Amino acid sequence: MSDELFFAAAAIEPGAAAKGAGFLKPFEAAAAGHNVAERDKPSLIGRTREELAQALTVIGVPQQQRKMRVAQLWHWLYVRGVSSFADMSNLSREFRALLAQHFTIIRPEIAAEQLSTDGTRKWLLRFPARGAGRPVEVETVYIPEEGRGTLCVSSQVGCTLTCSFCHTGTQRLVRNLTAEEILAQFLVAKDCLGDFADQEGLNGVRARREGIAKIRTLAERRAQMPAAALADAAEESEKAILLAATGRKITNIVMMGMGEPLYNFEAVKKALLIASDGEGLSLSRRRITLSTSGVVPGIYRIGAELGVMLAISLHAVNDELRNMLVPINKKYPLAELMAACRNYPGVSNARRITFEYVMLRDVNDSVADAKKLVQLLKGIPAKINLIPFNPWPGTNYQCSDWRQIELFADILNKAGYSSPIRAPRGRDIMAACGQLKSASERLKKAEREALEER
Ligand code: SAH
Ligand code: SF4
């Protein structure tokens, strides 16, 4: 990694980073000076409306005011994106002070921020220990593309699973993230990108302009497209329209960062419900994709209880190989996984399931594998993301040859599946699929207890 990519390595006070300014407002300056105490207070981020009402009850807000207060807080937290009670200008000074006395809405610390030559950004965020013995760190990645911006969010520090080609899989699970911490990744990214209504400014204008330009080119291209490509083009246009209309920088969230989201089910569900809430962050569930290695019971539950888009890390077309690459396959073999996909609520040509397939040289990339994949997906509205393997220090796998990847994609395309070859993004800053890993280590129980006693 070159020095200029690493443009903010020191711990940055989040308020300052969020505002992109060199000085703090008086209230924030005070908070910065008392960060440790501030971070120890219970946070109001990531709570349901009922839980917020409950928190207000505890500090003595009368029952008849609670609903209104919750609505006000919700708006400030998730529409305006403030990270200090002092900025909630329509609340009385006394009420703001009362809130600040008991709670916090401070952002997590940004331990490092890196920018790839291709525009991909990666943040290393630091969260309090919460039982892990010492503070933990996770990575969040923003991938800007023409007409959309995708935020790749982590659900766990490390992972309990050990997919053999995945860097995160070499980091033991340190702990699950809380709903607050999952949501905070979204909020920090929005801060840094100026993506809240109040911060929109020039970014928003630029994004809107880009969106309009994109709609024009797409319309021209669509006129000459074969039918199979039209569904994708329609999806692209829709994204561009959203961008143009809202000027949003983050148009999509993918739960594809560190960890297996379905092994942290409740927190992920809660965070995504808040992210998609129409009176707050308002990201449509169709723009949220949850990726799983194949936790079958979790797939049924997420379909019934949340209804976001589903991505499956498939990577192999027979049980023998999948057992090796994605060991959870031993617990939930392919037949069960495919049945869960067939039964996923709302699946249609407009709401296809994404199958991720990492291209590993001489392991899963033969013509026979491609043909078997076509058979396996029969009857499931699907698209296949072919991911060139991203190397990491110590791996024995290699990425398939480009010609082989194209051959593989051709077979899928001819069978009627859209199968884009994912251009690796952010490899120079280790931000690409499967490269994420933080230095957080799991402490032994004795070490943890010794630290907590201090
Ligand atoms: N744990 C979830 C979410 C992680 S998503 C899951 O496994 O689905 C990250 C995606 O990148 C998954 O499809 C994963 O299988 C894939 N991946 C992991 N390591 C990779 C690597 N080194 N190169 C390319 N893709 C990788
Ligand atoms: Fe965990 Fe997903 Fe990596 Fe497998 S691919 S080790 S489930 S993060």
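Reply:

**The sheet, strand by strand**

Strand S2 (residues 121-127) and strand S3 (residues 136-145) run antiparallel and are joined by seven bridges; strands, like helices, are DSSP runs numbered from the N terminus, with at least two residues (E) for a strand and at least four (H or I) for a helix. Within this pair, Arg-126 has Glu-137 of S3 as its bridge partner.

The model is a predicted one, in which local features need pLDDT of at least 70 and side-chain atom pairs count only at pLDDT 80 or more, while totals for chains, interfaces and linings use all residues. Residues are numbered from 1 along each chain as its sequence is written, and chains are lettered from A and ligands numbered from 1 in the order in which they are written.

S2 and S3 belong to an open sheet of nine strands with mixed pairing, in the order S1-S2-S3-S4-S7-S8-S9-S10-S11; two strands pair if DSSP finds at least two bridges between them. At the edges lie strand S1 (109-115) and strand S11 (382-388), each of which pairs on one side only.

Strand S10 (residues 353-359) is largely enclosed by the rest of the structure because six of its seven residues are buried, that is, 20 or more other C-beta atoms, placed from the backbone, lie within 10 Å of their own.

Terms used
A residue is buried if 20 or more other C-beta atoms lie within 10 Å of its own, exposed if 12 or fewer, and partly exposed in between; C-beta atoms are placed from the backbone.
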